[in-house]
Amino acid sequence: MSPYAPLESPAMLWFEQSLEAGVFIGAIAYGGHIAVFCTCVYHLVHEKTISWRWLAFVSTLFAMGTTNIICNIHYNEMTYIDDRNYPGGPLAFLFTQQALPVDTVGNAAYIIASVLADSLLIYRCYIVWYGMWWIVILPILMLLASTSLGILVVLQDAQPNGTLWAQSTLNFSIPFFSISMSLTVSLTIAIVLRLIRMRRRIRSILGTEHGSTYTGVAAMVVESALPFAAVCLIFLALYAKGNTGANLFLPLLVQVQGISPQLIVLRVQRGRAWSKGTLSNSRMSGLKFAAPSPPGSSSLTESTQVPSNISSSMIFRDPSSIGQSKGSPSEGMV
């Protein structure tokens, strides 16, 4: 140990180091969040018809991620610079001054982002399961429970001398993180299982190249918000055990739960996301299209059977036009 190190135990030093490093990790992830957000907004505003609901959604997520990282950075600045001479030093400041507005606002931003991210996952699960409403009953109840507990966590942490590690806060925070992250993981599993189940069917209808758009590895990772679920699992496992390493993942979690939903919106906007129409097309065993009418005739009398690998949206008057039509990117937005 350095001779200039403060007179604190290694455990307390690691606690401070983990908090500081966690903010830096979150700041790095925020850089990726900026890139994803800008890409998403670019595709949203360059459509013929701007989808204001998606634009508002991704903008709110980005605003919450921005608010959280700004609050974390400012709180660390107060701890180690502005209020360096606080009685007991920075460590005492960390344990007794989390009721400050800057910390409360940052925590509230996390709760809002969490609710938005889980809401989108529930919606996408509903779409992937082809509108089977009973699939999302339990997730909706879990979302309501986690939202209520999240509000209680923020209120408890805002009490005088309240901290995220105080027992009074743990009584609400552990159930909140458990329900919220169990919801995220269960929705991820439900979406992945559905995509795997439909993988062979979609590829047999649309072909390997086009089927991978909806059921490939990249599609599964994005559609299921797998990175979000992975970070949730790691954080929850560490936090529930009281492991200081959890501090490394909380600022990262806020950014990931903003990035993952925005990637889903980006796929939806580009027409590469799973929609109800995807499954409808795969259920079509065959279609008919009208042959060209003879000169001078106003009626269409001939018909030809269309192979089953033609999408239900591809109905042409002239067989030669098959393969020349392109779907609108907005078809994936249900």
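Tutor: Gladly! Let us begin with one term: a cavity is a set of grid points where a 1.4 Å probe fits but cannot get out. Please keep in mind that this is a predicted model. A search of the whole structure finds 1 cavity of 30 Å³ or more.

Student: How much space lies in the largest cavity, and which residues are the closest to its centre?

Tutor: The largest cavity holds about 440 Å³ of space. It is lined by 24 residues, and Asn72, Asp103, Asn107, Leu164 and Leu250 are the closest to its centre. H1, H2, H4, H5, H6 and H10 each give two or more residues to that lining.

Student: Which element gives the largest share of the lining, and what is the lining like by class?

Tutor: The largest share, 5 residues, comes from H4. By class, the lining has 15 nonpolar, 7 polar and 2 charged residues.

Student: Why is the pair of Trp54 and Phe57 called edge-to-face?

Tutor: Two values settle it. Rings pair if their centres lie within 6.5 Å, and planes over 60 degrees apart count as edge-to-face. The centres of Trp54 and Phe57 are 6.1 Å apart and their planes stand at 90°, so the pair is edge-to-face. The structure holds 13 aromatic pairs.

Student: How are Trp54 and Phe57 placed in helix H2?

Tutor: Helix H2 covers residues 52-82, and Trp54 and Phe57 are 3 residues apart in it, so about one helical turn separates them.

Student: How do you know whether Trp54 and Phe57 are buried or exposed?

Tutor: Buried means under 20% relative accessible area. Trp54 has 7% relative accessibility, so Trp54 counts as buried. Phe57 has 14%, so Phe57 counts as buried too.

Student: What makes Tyr86 and Phe93 an aromatic pair?

Tutor: Their ring centres are 5.4 Å apart, with 90° between the planes, and the pair is edge-to-face. Phe93, with a relative accessible area of 2%, is buried.

Student: Which residues do ring pairs link into a cluster?

Tutor: That cluster is made of Tyr110, Phe176, Phe177, Phe235 and Tyr239. Leaving aside neighbours within four places in sequence, Phe177 is in contact with Tyr110, Ser182, Phe235, Leu236, Tyr239 and Leu250.

Student: What makes a set of residues a nonpolar core, and which members of the largest one touch the most other members?

Tutor: The residues must be buried, of nonpolar kinds such as Leu or Phe, and joined through side-chain atoms within 4.5 Å. The largest nonpolar core has 58 residues, of which Phe57, Tyr110, Phe177, Met181, Phe235 and Leu253 touch the most other members. At least two residues of this core come from each of H1, H2, H4, H5, H6, H9 and H10. H4 gives the most, with 11 residues. Another core of 9 residues lies apart from it, including Cys71, Tyr75, Leu91 and Leu94.

Student: How many helices and strands are there in the protein chain?

Tutor: The protein chain has 11 helices and 2 strands. Of its 334 residues, 46% are buried. Among its contacts with a separation of 6 or more, 73% join residues 24 or more positions apart.

Note on methods. Residues numbered from 1 in each chain as written. Predicted model: local features only at pLDDT ≥ 70, side-chain atom pairs only at ≥ 80, totals over all residues. Heavy atoms only, no water. Phe/Tyr/Trp six-rings, centres within 6.5 Å; stacked < 30°, edge-to-face > 60°. Helix = DSSP H or I, 4+ residues; strand = E, 2+ residues; numbered from the N terminus. Buried < 20%, exposed > 50% of the residue type's maximum accessible area, 1.4 Å probe, protein only. Contact = heavy atoms within 4.5 Å. 1 Å grid on protein atoms, 1.4 Å probe; cavity = no way out; pocket = protein on both sides within 12 Å on 5 of 7 lines; lining within 4 Å. Points joined across faces, edges and corners; volume = space filled by probe spheres on them. Nonpolar A, V, L, I, M, F, W, Y, C, P; charged D, E, K, R; others polar.
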